[in-house]
Each structure stands twice: as C-alpha cells, then as structure tokens.
Amino acid sequence: MAIKEFAKFSGVSPTTLRYWDEIGLFSPGYRDTSNNYRYYTPDQIIALDFIKVLSQVGTPLKTIKDMANDRSPETTLGLINQQERRLDRKMRELVETHSIIHTRRELISQGLLAEEKGLGITTMELGETLFALGPRNQPRDSGSFYESFAEFCDHANHAQINLNLPIGGRYDNIGSFTETPLVPDHYYVLDSAGGQKRPAGRYLVGWQRGYYGDFGNFPERLAKYIKEYELSPTGPLYVIYALDETCINDPKNYLAQICVRLPD
C-alpha cells in the first residue's frame, strides 16, 4: 500500500508516518529506490498498534523506539503504571484549574450584578457553598491583618489548600465582625474539597467597596438595616471579595460581599 492508502487504513496521517520513518521509529516495508516512494504491508498495522497505544498514553517517542525491539509484559506494565500516575496528577491539576475558573467567574458575575443594583443590603436565597476553613486567628492589636493572614497561608500550604482560589473571612457572628472587622475569626478558601459548608438558605447580603478589611460604615449600615426590618441573623458572618486584584487595579475599588444567615 502507498503511504496515503496505509494512512487511511491505520488512522495515522502521512505526515506522521514520514516523521516516524525519518527518526527510525517505524519504517515502510518497502521503498522504491527510483522515486523514494514508501510502501507498507497490511501486517505492519500490528507493529503500528504498539506505537499508537503507547503514543496515545503520552509515552515519549524515544522510549517507544527503545522498547520497539525489546519489550515484555513487565516493562510495558511498568511504563503504563508510570504514565497513569502522571495522568492522575494532570487530571487533578485540571480539576483544580476548572474550579478556579468556575469560582472566579461566579464571583465576578455576582459583583457586576451587585454594581448594577446599587450595592445595597438585601435578603436573598443563597445556595450551599463549600470551603476549606483555616485555624482560629489569634486576637491582634496591631491594626493589621498581615500577620494573621501570613499564618493562615503557612497553614494552607502545609494542608495543600490551593491559595489561587478565592480567600474570605469567617466571623463567629455579627458582633465579632463589628468589634474586629480587620481580622476575622477564621480565614477560608472557596475549595469544594475543603470539607466545610455554608448551608443553603435565606441570607442577609450586603456589599462594600474598599481594600481588605476596610469596611467603612458598613457595620453601621448593617445594624440599621437589621433594626429597620426587625431581622434576627444568626450564626457565622462570611466575607468574600467578588472583585479583587484579579480584575480591579485600584484596591479602593475592591468589592466585598458580606452575608449572614437568617432564621428559616
């Protein structure tokens, strides 16, 4: 068979067949010396299957060439095991990358929608959110969140928590947020494999612009809203930045979402 016919028969393009011939990996059964045309025999598809399978699983061509005339079930199994471990790592990386993309997209979309509506405080239904919770932060008198945040980052690195995912602050309750807004009781990461969850339900949700920990008059606005509508929020209060350095140049324009659950 001429190279084009064999390419259709084998599913390997003529360009690839020529390249494999040039590097000595897979040569035609016969070459016409008068015109240098390549010709292949039907039984060569069997030898080609070995190359196609190993190439499909990501084996370097040099390794395939080395094994072409010296392989056994044991060596092939060892190679496949090695490639499986490599692909497992790659799949985990892809899952993490997809999680970052999905989570960032959702937050930015929420932030843009909030901007359209005027950045007010309102009640709304929120879905379940999964996250990884950091250790309790120690009380700070320095007026800076950097020390506690550095300790959280160190914990996250040891716990293999991906810090490229959005990071937020979790306060035990509204009182804790009002008293020490700069340093939350815990930091958390929006990691679906984190083992913690903010349950679905009705929440009091507000928005505030500013750099990390700079909530301006938001605590007063929140207290006024709660009193005006006779609400009784309970449980933890969550802060997450929908618009941060990934999409905003000026830190003063970062946009935080603050939410706390309301009784059912």
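**Overall form and the helix α5**

The accessible surface of the protein chain comes to about 15,600 Å² (Shrake-Rupley method, 1.4 Å probe), and carbon and sulfur atoms contribute 53% of this area. The model is a predicted one, in which local features need pLDDT of at least 70 and side-chain atom pairs count only at pLDDT 80 or more, while totals for chains, interfaces and linings use all residues. Residues are numbered from 1 along each chain as its sequence is written, and side-chain values use heavy atoms, with hydrogens and water left out.

Along the principal axes, the C-alpha atoms of the protein chain fill a box of roughly 95 × 40 × 35 Å. The radius of gyration, taken over C-alpha atoms, is 30 Å, whereas a compact globule of 264 residues would have a value near 18 Å (2.2 Å times the number of residues to the power 0.38). Of the 264 residues, 37% count as buried, meaning under 20% relative accessible area with a 1.4 Å probe, protein chains only.

The protein chain holds 8 helices and 10 strands, defined as DSSP runs (H or I, at least four residues, for helices; E, at least two, for strands). Helix α5 covers residues 73-117. Among the buried residues of α5 are Leu 79, Gln 83, Ile 100 and Leu 107. Cover for the buried residues of α5 includes α3 (44-56), α4 (61-67) and the strands β8 (201-209), β9 (234-243) and β10 (255-261). After α5 comes Gly 118, with a positive phi near 100°.

Definitions and conventions: Expected span 1.5 Å × (residues − 1). Buried < 20%, exposed > 50% of the residue type's maximum accessible area, 1.4 Å probe, protein only. Contact = heavy atoms within 4.5 Å.
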